[in-house]
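Student: I have a structure open and want to go through it side chain by side chain. Can you take me through it?
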Amino acid sequence: MNIVIAEDYDQMSRIAADTIAECVRALPDCVLGLATGSTPIGTYECLVADCSAGKVDFSGVSTFNLDEYVGLAGDDPQSYRYFMDQHLFDHVNIDKASTRVPDGSNPDAAAVCAPYDEAIFDAGGIDLQLLGLGHNGHIGFNEPADEFPVGTHIVDLTERTIEANSRLFDSADEVPRQAYTMGIGTIMGARAVLVVVSGEDKAETVKAAFRGPVRPEVPASVLQLHPNCTVICDRAAASAL
Ligand code: F6R
């Protein structure tokens, strides 16, 4: 595992965007795994600017997002599909038909989850997976648990995650209680993984996840076993290392 310490959020975002752009330039038809949340917003801003400047071409790229709330359709402003459209897809030259997010409007988990993993497999697997890190060590919506879930599945969100995500809703009551998420196996199957982490409030989580023992109670700790994982922390997030 390679841990890169950036000066601040902007530099973290720039390094992450450069890594993604390099992947796209090397493999114009690459498959990217993407994340939502506050942390990658700056990365997407850099990629939008790079694309506008003609430095990166998304026309051959396909994408799979990590997760989606169950019960939200893609045109719901709180959905992760909407987030991706707003922050990236609507502003780069990607073919929208090549962008996939689990279908939160479909309550039938069996119809959503296994086909999602099959679609990733059929696309040739994920070349580069971008991840954020939850305060409780979650990646995607793989919450602390007794075991590592393998494939894409439905999860009940923890109170801590509901509370953390409630900042984006009018109230905690409006945060969906379930989500579809890639599993740890899906994520570990990516050929390269790139984690972005910012802020002092994540410093202890960074230490537990990337310097502590590998255990499902800290889901991100499994990334220590990935053969090609880079973590980009800003100084504040790296302050407990
Ligand atoms: C988002 C996701 C989550 C976030 C994590 C950190 O698709 O899967 O695991 O990456 O909750 O979120 P932020 O970046 O908002 O702190």
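Tutor: The side chains of H138 and E143 make a polar contact of 3.1 Å (a pair of N or O atoms within 3.5 Å; within protein, one must be able to donate a hydrogen and the other to accept it, and residues adjacent in sequence count only if both atoms are side-chain atoms). This is a predicted model: local features need pLDDT of at least 70, side-chain atom pairs count only at pLDDT 80 or more, and totals for chains, interfaces and linings use all residues. Residues are numbered from 1 along each chain as its sequence is written, and side-chain values use heavy atoms, with hydrogens and water left out.

Student: Is H138 buried or exposed?

Tutor: H138 is buried, at a relative accessible area of 13%; buried means under 20% and exposed over 50%, with partly exposed in between (1.4 Å probe, protein chains only).

Student: What about the ligand: how far is its oxygen atom from the side chain of H138?

Tutor: An oxygen atom of the ligand is 2.7 Å from an N or O atom in the H138 side chain. For K202 the distance is 2.8 Å, and for R167 it is 3.0 Å.

Student: Switching topic, which residues of helix 7 are buried?

Tutor: In helix 7 (residues 203-211), they are A203, T205, V206, A209 and F210. Helices are DSSP runs of H or I, at least four residues, numbered from the N terminus.

Student: Why do they line one face?

Tutor: Because, seen down the axis of helix 7, they fall within an arc of 155°, taken from the directions from the helix axis to the C-beta atoms.

Key: Helices (H or I, at least four residues) and strands (E, at least two) are DSSP runs, numbered from the N terminus.
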